[in-house]
Amino acid sequence: MGAGQEKEQKREQWGSKLGFILAASGSAIGLGNIWKFPYITGENGGAAFIIVYLFAIALVGLPVLLSEFLIGKKAQKDAIGSFKELAPGKPWYIAGYMGLASAFMILSFYGVVAGWALSYTFKAVTGQLAGVAPEQLENYFGGFITSTASPIFWQVIFMVLTILIVVGGIKKGIERWSKILMPILVFLILLVIIRSVTLPGAGAGIEFLLKPDFSKLSAASFLIALGHAFFTLSLGMGTMITYGGYLPKGTNLPSAALNVSIADTVIALLAGLAIFPAVFAFGMDAGAGPGLVFITLPAVFQQMPMGSLFATVFFALISIAALTSAISILEVPVAFFKEKFNWSRKKATWIIGGIITVVGVGASLSMGPWSGFTIAGKNFFDQLDWMSANILLPLGGLVIALFVGWGMKLKDALAAADFSENEVVGRIWVSVTKFIAPVLIMLVFLHSLGILDIIISFVKKLVG
Ligand code: PHE
């Protein structure tokens, strides 16, 4: 094929509807589901928090997910190009550039945490993890993530795997690997659940997940649930716009968005079911925070029959979930640089993946050797996490909801989302996207900047 023809070549597309759903679910299901969801649920009292989280997914996550899909599918472009295509001359595309910045930031630290999971998989297979005394596990984890070479080694391996899949392209890379890895992930999680719920004393953990105790909820819990709905569904940075951009005509978007939201939610709940029964069975602390998976669980695994096997399975599961998410984050800038500057996929992926890896090395070092260097009181790693998850994602999600709800003509938005004009569900979706989602997102945003607290205390003063 000549160079001229190469340029004329049609845009890449998903091979099948199932492939697209698996890839989008693979993006959604990640560290957010298996590492973060269980620990924030543990910290916020269990079942009551889960109920709030389910509302957040339904009222904000699902409508914004559908919005991202339709923007990409209608425009057939990357996250920035899509806004320019649909609203030429208007500033909506700035949301795309914010998404681009989020992608660099999130993948930098995401690769570091994924590297920890990879390394724990290795430590579990080789029996190293089983050899650490339970009360030493916290120091062991701390020692590992603050050391220099070892976490970087695993982070780089993880990033190279991510790059290799993305270099393969949409159909032969991302879709193919999602089709292989997602079923393995479901199988592995079921294995761990069977082990966990059959332990003596597992009932207390199941109760924790099912019996709501609303007294454990705080105002912050609502906002944590909402913020997490964004992160877990990969929203607010154009990932789902980019993936939607590879959709052929004919895929029904509302059903795709519903499928992906359900898959993501079910896996988060299953992760809870894999973790809490075991944690309770061994009398460990469900509210242990970010260390729940890396410190509490290894102690749990040590105490159960065939624990090394289940530890290996569990950390492999986290690594796989992280990989199918990382490729979707990398695809956002890759699609942009490919289309905007006509780079080949290979060039774009290696260059951008390389830069993100280098930034990630900085994030890893900031846990230990470089921890003295802080930006606004946070080390580099925490700053990347905080800025992207608390500012850029909610802001991006807000702009996307406003764009579809207010920037597009009602008729166009409904048609692009595959609704007929008078369909009730379509009308409900538009209203939620126009009013409810933006208000809720604004609340999260104001809260993360501390502004909400100032307003609340001001109102309290006025009233009282
Ligand atoms: N949804 C992924 C997770 O839950 C993280 C992610 C965020 C992926 C933003 C893409 C974009 O781990």
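Let's start with Gly 32: one of its backbone N or O atoms sits 2.8 Å from an oxygen atom of the ligand. That makes a polar contact, meaning a pair of N or O atoms within 3.5 Å. This is a predicted model, where local features need pLDDT of at least 70 and side-chain atom pairs count only at pLDDT 80 or more, while totals for chains, interfaces and linings use all residues. Residues are numbered from 1 along each chain as its sequence is written, and side-chain values use heavy atoms, with hydrogens and water left out.

A polar backbone atom of Phe 231 is 2.8 Å from a ligand nitrogen atom, and one of Ser 27 is 3.2 Å from a ligand nitrogen atom. The protein covers 100% of the 330 Å² of accessible area that the ligand has on its own (Shrake-Rupley method, 1.4 Å probe).

## The shell around the ligand

Which residues come nearest to the ligand? They are Ala 28, Leu 31, Gly 32, Tyr 110 and Phe 231, out of 15 around it (a residue counts if one of its heavy atoms lies within 4 Å). By class, the shell has six nonpolar, nine polar and no charged residues. Here Ala, Val, Leu, Ile, Met, Phe, Trp, Tyr, Cys and Pro count as nonpolar, Asp, Glu, Lys and Arg as charged, and the others, Gly among them, as polar.

## The largest cavity

The ligand takes up the space of the largest cavity (more than half of its atoms lie within 2 Å of the grid points). A cavity is a set of points, on a 1 Å grid over the protein atoms alone, where a 1.4 Å probe fits but cannot get out; lining residues have an atom within 4 Å of a point. The largest one has a volume of about 150 Å³, the space filled by probe spheres set on the points.

Its lining has 17 residues, with Ser 27, Tyr 110, Phe 231, Ser 234 and Ile 329 nearest the centre. Helix 2, helix 3, helix 6 (94-125), helix 11 and helix 15 each give two or more residues to that lining, and helix 15 has the largest share, with three. Helices are DSSP runs (H or I, at least four residues), numbered from the N terminus.

## The second largest cavity

By class, the lining has six nonpolar, no polar and two charged residues.

Notes: Polar contact = N/O pair within 3.5 Å; in protein donor to acceptor, adjacent residues only side chain to side chain. 1 Å grid on protein atoms, 1.4 Å probe; cavity = no way out; pocket = protein on both sides within 12 Å on 5 of 7 lines; lining within 4 Å.
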